[in-house]
Structure formats: structure tokens, C-alpha cells
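Please read the following report alongside the sequence and the coordinates. It takes up surface, metal site and aromatic contacts in turn.

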Amino acid sequence: MTSEFRIVEEPKQPLAMNAKKFAMWLFLVSVGMLFAAFSSAYIVRQAEGNWVDFSLPSLFYYTTAIIVLSGISMQWAYFAAKKDEFGKVKTLVGITAVLGIAFLVGQVIGWRQLTESSIYLVGNPSGSFVYILTGLHGAHLIGGIVFLIIVLISAFQMKIHSKNLLQIELCVTYWHFLGGLWIYLFVFLILNR
Amino acid sequence: MAATVTHSPAEVHVHDEHGHDEHAHGNFWTTYIFSEDHKVIAKQFLITGMIWALIGGILSVLFRLQLGFPEANLSWLKPLLGGWLTAEGKIDPEFYLALVTMHGTIMVFFVLTAGLSGTFSNFLIPLQVGARDMASGFMNMLSYWFFFLSSVVMLTSLFISTGPAAGGWTIYPPLSALPQAISGSGLGMTLWLVSMALFIVSSLLGSINYITTVINLRTKGMTFTKLPLTIWAFFFTAIIGILAFPVLFGAALLLIFDRSFGTSFYLSDIYIGGEALPNQGGSPILFQHLFWFLGHPEVYIVLLPALGLSSEIIATNSRKPIFGYKAMVGSMMFIAILSFVVWAHHMFVTGMNPFLGSIFTLLTLIIAVPSAVKIFNYVTTLWKGNLIFTPAMLFSIGLVSFFLTGGITGLFLGNSAVDIQLHDTYFVVAHFHLVMGSASFFGMMAGVYHWFPKMFGRMMDNRLGYIHFWLTFIGVYLVFFPMHYIGIAGFPRRYYTWTTFETFSGFADLNMLVSIAAIITLSAQFIFIFNFVYAIFRGKKAPANPWNSNTLEWTTPRLPGHGNWPGEIPTVYRWPYDYSKPGAKDDFIPQNVPYSETPESNFPFENEQIKLELGNNGAIVVENKKH
Ligand code: HEM
Ligand SMILES: [Cu+2]
């Protein structure tokens, strides 16, 4: 066995981010495309005429406020997790989940208001679109609430702390996305009456 | 940030990182069925795709029998078709439409999307970027099983009493929305939609994984400019998929609501038997917009992986660097972007504003530019190369040929004025079968022949490969070239019979020729299947790098185990196309050979690069090398 000196150049590890976070962002892109498709379908269809006008349920203003609040509590929970304040994390994630459920209930009551003004799922597409857009957003929000409950369970198992933030970070990202998506949809529907 | 330990890639380390060993532990179920290993999943996609290709091919021969031999008595097919034959032994007209529909759906989605991307993205991405596996093995496994479920649902729809979906692979409403329109629009269409929804989930899970792996799991030194063109192609394909498939999902969802919940997104003013349907205010054109916003990108989802595979194969077997690497990447990116702004060229005759038509004509014709760049680069790579005609190489050259002949007819169709005559004729059928169907199919075949040794550790038989190639190549041209004439004459696609029209009866001979060629081409595929299955069990054992290729997958052992490399993952120092480099010892230098080991062949700037790297981060590393 002889020893020999060798000079080897050292290539760097290419830049990379956490794979799960990256995948989450890609997922959000594809959900975004789904709603982009519906938005453009809405505009194209509206431009063709034969479009029944009606006003959006007043309750949607309240649910918008609720989802904004839930975004704040979620962000707060994340800050608490960073500082290892376990009690606060549990309470705030819990509050977010309750606000999320309140939002969903509000949306359903909003649908009731729509039916009271004789706008049904079946009928002119202008009304059907409102049901589809809110319903699909709600379906994604149910997924968000399930995710919140999973985070809550981890919080009770003391698995969320400043050294293990990935799960709650993913959840915060998704929750803010849902909030932003609702605000976008609401503004879109108000502007395109 | 200077690293302290560096390894010469030439030496294989004995010590192993824990967590991945040569042989996956586990029982039959976790190893072969619910495996999370990307190589096993790739093979699952390949085999499922091949079964689908066979089914799709048989369906096409069935309807070619009707077109080529309209007077023939097909009652010998009774055991297969049962009630779908009429009393005179003819194919039932509605079933004819179902056959066309299922053939298109199966070939476009199940074979050339899942079978092609699913196989090669899964197999090659981790191996070529230098990763142990995909970013998420679990998601990858889910992706396959969603595809499997979707396949089961689609297969079931072939056997139900009302028949499978029959509104064409583009499922335009109102035909697809109203069960009264055609019997296939009943349960068959419902199953089609369920199956496609599952398919989209599978495709999105796959795409998210591919992109994440390419971006985040590359080995040391694997910068974007050192990626093989295959990886670039899979990468763009996955991006297109993530952007386009959700739109198809949206379109399908609205259709589901129209069909099952009574909404009117696509339906308006429809009278059946003198009775008006309640649906008011919908627009069938809306569906076409949504569908083709996916549909056109989808054709590139099908084509780009094939182009990537053939780039790699052509460079390897020309023993030459690929000509214009950056132009190849650039044109793929340009094609990917443009593919999202040309969808309305499928809708020129829907009564769109002629001005809008001109804009889409312009955008469509621009796609010819990057396409031409790619063809030019293939040809210049081949030019004066030391060509080695393996079956994979022949199939790649076949791809270039089809891409050219089929692409040229695209220029005719892209003109909104010319398209008025050609739309929905056999000219369109000829166009897309050459440019998409045959080109991608040849890319897939090339990929199977080329990577078979790495997949199964054995060699396929070359002689059978040549016979398979020539029969298929000539067969494909015999099938699709005559269709141009039939199409220009105005013969419409998706017509059950044409003998009743005086104008078209002159084409009986041509149609018969096409049908005979189709039967021969399909039969030739059995040579391939025999070769494939035989080689898995009995083929000659393959060396680790049978084609003297540069990319990382060939640095793995003959049968890469779980984790791909027994030792450390190799580091990458150069691009993948150092073939026949002047001065070099061999006519290929793998990507994991550092410049400092090849002073005889380095270009001045590459010598510079060694110094630069050493100067910049002080990564001069002195290492004990044992002899
Ligand atoms: C030079 C580039 C191309 C141009 C200008 C072009 C243009 C067109 C046009 C205008 C049509 C619509 C014809 C009609 O329905 O009347 C069409 C149909 C089609 N093209 Fe292309 N094309 C090109 C390349 C491709 C490529 C590369 C693929 C696939 C890989 C492809 C796949 C298809 C398919 C599948 C259809 C028919 C879809 C259907 O109606 O069932 N085309 N093409
Ligand atoms: Cu197109």
C-alpha cells in the first residue's frame, strides 16, 4: 500500500430547499391553476351574455372577517412554536380550527341566503359558478381543518417546538393560501357581477 | 465553506451509509407490489403502459377493419365483441364510436402520458441527477396506485352493457353530457370521468415529485447546465402537467355537475324529440376552451419526454456531443411556454372572431421555430458522427423523421383559413398520429431498448429489434401517409361508413391498404413483446455500461439496488456529452470524471476551471489514496 497525494476539485452541493416545503408550493400552484381555470371560464361565459345578476350573500363579508382572523391566530401559533410556548401553540391552533369550522358554517348559511333569493345550484350559470367556486374552496378548507387537527395532535404530543417546525410551517402556508384564495374569490365575484 | 473531505469518484467506498443496502429487505408485497423504490415503480408503469398499448392497438385494428373492409362479415369476432356485432356481422355503429373514443383516451393518457413519463421520469430522474430515490417515495407509490385504480375503472367501462364513453377522446358536450345522445354517454361516460379524475391525481402526484427531485436532490456538482437533456425534458413536462391538468380537472368537474346535478355550464337550448331540455344559459364552446387549454399542452406532455430520451440516445450513438445543448434546452422551454397560448387553433371553426383566429394562427406558427431548431440540432448531431445503429438509435432517428413529417402538416392546419377545409378530416388524424402518436411511441420504444440493460440487467436481442423497427417504421408511414390524401379530399374523421357517399367510394382501395398496414404494424409489436419478455428471463447478461455512455445511471452496478449506488453518490464534474473529445483516451468521458484526471483532453477553459475552483473556495484537498 502506497500513499499518493491527489488533488481533486470540489464541486458544491447544488442549492436546495426542503423537499416537502417545495412539494407543498407545487401543490398550491396546481390548486391555483384549478381556480384560475374557473375564473377564466367565468369571465368567458359572462362575456357571452344571458347572465343573471344577483347580489352576493351579506354573510360572505362576515366569513371573510372570520378567515382573516383565523390567519392571524395561525401565524401567532407559529410564532409561539418558534419560542417553544407549548400552551399557546395548542390554544392558538385550536382557535384557528374553530374559526375554520365557523367559516364553513358561515358559507353554508350564505348558501341558504342565496337560495332565499332564488339562486340555486341548478339554473343560470352565474349562480352555479358561485356555488362551485365557494364549494370547491370549502372542500379545500376541509382538508385544511384536517391538517390543523393533525398539527393539534402533534402539539399535544409535544412534537412541535423550535427545532421541529416543518409540520406547522406547512400548515401555516396552506392555511394562508386558503385565506388568500378566499379573499381573491370574494373580490373576483364582487368585481364581476 | 471549504469542504474538508473529497473523494475521487474513481474509487468506490467500502463503507456504506446506513439506510440503504444492496437488496431491499422485505417480502414480496413490499418489494414488488407496494414498493416505494423508483425503479420498481417505473417498471410497474412500463408494464401497465404496455398492456394498455396492446389494448389500444387492438381497438384500433377493430375499427380499421370496419373502415378498410366495410362489407366483411366479422362474426368470427363474436367471442370478443358479443352483442356489439349486428346480425349481419358488422360492428355496431355506436360501438364504432366507442372504439375510437377509447383508443384515443387510452393512447394519449394511459400509454403516452402515464406509460411514457411514468416509466422514464421515475426511472431516470433519480439515477441521472444522482439521488438515492425520489423526493417522496410514498407519494410516488401513491401516484402509481392512483393510476392503477384509474386503469381499473377505465377497463371496467369497456365491459359494461351500455358500452364505454363514445363522444371522442375530447368528450365535447352536449354529446358527452346527455345520455340520450348516445348510449356511451350514460354509465360509460361517468366511469370515464371518474377514471380521468383519478388519473389527474396520479399525474399531479408524479409531477410534483419529479420537479422536487430535480430541483432539490441533485448530487454534488450537478448544476443545471450539467443536466442531461432527458432530465430537462422530464422537468418541463412535469411543469406543464402541473399547470395544465388542474384545468382539465376543472372542465371535467363542471361536466360532472352538468351530467349529474342538473347545472347548465355547457348546455343550452337543446331539443330532444321536440321537447326542450330545462338547461339554459350554458355554452359548449366554454368546454372546448377549457379542454384545449389542457389539450394542447398535453400533446407536449406526450412529446417532450420522447424528445429528451432521443436526444440522449442520438448523442450516445453518434459518439458526438449533442449539437447546441443550450439551444435544445431553450427550445424546449420556449415550446413549453408557447404550448399554453395556442389552444384555440383547435377551435378555428367554432365561429370565433376572425381577428382572434389570426392571432392564434400567428402564435401557432411560431411553435414551428423551436421545433425546427430541435430537428436541426438532431441532424447536426448525427452529421459526421460515428453512428452506431442500435435499435434504440434507429427508433430515435424514426422519431426525428415523424416529428418532421407530422410537424410540417401542422403548419397547414395552423392557418385558420386552410383549417376550414381540413378541420375534422383525416388530414388532422394523419398530422397528430405522425407528430404525436408515432413520434412519442418511437421515443418510448427507443427508451425501452436503450435502458433495458439498466432496468433488468440483461440485453434485448438486436436482430429482433431491427425487424421490429423496420416493420413498424414502414408500417406507420403506410398507415398514416395515405390519410393525408383522404383528408384533403374532405373525408371526415369519426365516420362509421363512407360507402354511401359517391365522392368517397374512390378511396376504398386506399382505406384497405391502410387497414392492412395497421394489422401488420400491430402484429410487429408482438416481436417486441416476445423480445422484451424473453430478455427479462433469458437475455444475455448486460455489462454495467453497455453503450459506453456518460450519464450517471451507467455508474451504478449492473442491477442497482435500493439506494442506487452501493457506495457514495458520485460527484459530477462535467456535462454529459463529452463524446469523442479530441485527445481523450476513450471516446467517452463519464460525468463523474474530474477535469484534473483528464489533462490530455481538457480545453484551455476547462483547465482554468480547475484552477478557478481551487482558488475560489480553497478546496484543495489532499487525500490518501490506497493502491
Ligand atoms: C409545428 C407545430 C404544430 C402545429 C403548427 C400544429 C397545429 C395543429 C392544428 C392547427 C391542429 C388542429 C387541427 C384541426 O382540428 O383542425 C392540430 C391538431 C393536433 N395536433 Fe398539432 N401542431 C403542431 C405540432 C404538434 C405536435 C408536436 C403535437 C404532439 C406532440 C401535435 C398534436 C396534435 C393533436 C393530438 C391534434 C388533434 C387533436 C384532436 O382534434 O383530436 N401537434 N395541430
Ligand atoms: Cu394543438
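Helices (H or I, at least four residues) and strands (E, at least two) are taken as DSSP runs and numbered from the N terminus. The model is predicted, so local features need pLDDT of at least 70 and side-chain atom pairs count only at pLDDT 80 or more, while totals for chains, interfaces and linings use all residues. Side-chain values use heavy atoms, with hydrogens and water left out.

**Surface of chain A**

H2(A) gives the most to a nonpolar patch, with 5 residues, and helix H2 (59-82) and helix H5 (166-191) of chain A each supply at least two residues of that patch. Its members, among them Tyr61(A), Leu69(A), Ile183(A) and Val187(A), have about 890 Å² of accessible area together. Such patches are made of residues with over 30% relative accessible area and no salt bridge, nonpolar side chains (Val, Leu, Ile, Met, Phe, Trp, Tyr) being joined within 5 Å and like charges within 9 Å; a salt bridge is a side-chain nitrogen of Lys or Arg within 4 Å of a carboxyl oxygen of Asp or Glu. Accessible areas come from the Shrake-Rupley method with a 1.4 Å probe, and for residues only the protein chains shown count as cover. Val187(A), which is in helix H5 of chain A, has 41% relative accessibility and therefore counts as partly exposed, the class between buried (under 20%) and exposed (over 50%).

**Metal site and a buried glycine**

The iron atom of ligand 1 has a single protein donor, His431(B) (NE2), at 2.1 Å, where donors are N, O and S atoms within 2.8 Å of the metal (3.2 Å for Na, K and Ca) and water is not among the atoms, so sites may look incomplete. His431(B) is in helix H14 (residues 426-456) of chain B, and the copper ion (ligand 2) is 4.5 Å from the iron atom of ligand 1. In helix H8 (residues 284-318) of chain B, Gly308(B) is buried at 0% relative accessibility.

**Aromatic pairs**

Over all chains the structure holds 75 aromatic pairs, in which rings of Phe, Tyr and Trp (its six-membered ring) have centres within 6.5 Å, planes under 30 degrees apart counting as stacked, over 60 as edge-to-face and the rest as tilted.

| Pair | Centre distance | Plane angle | Class |
|---|---|---|---|
| Phe442(B) and Phe473(B) | 6.4 Å | 55° | tilted |
| Phe456(B) and Phe532(B) | 5.6 Å | 85° | edge-to-face |

The second pair links Phe456(B) in helix H14 with Phe532(B) in helix H16 (residues 508-538) of chain B, 76 residues apart.

Conventions: Residues numbered from 1 in each chain as written. Chains lettered and ligands numbered in written order. Buried < 20%, exposed > 50% of the residue type's maximum accessible area, 1.4 Å probe, protein only.
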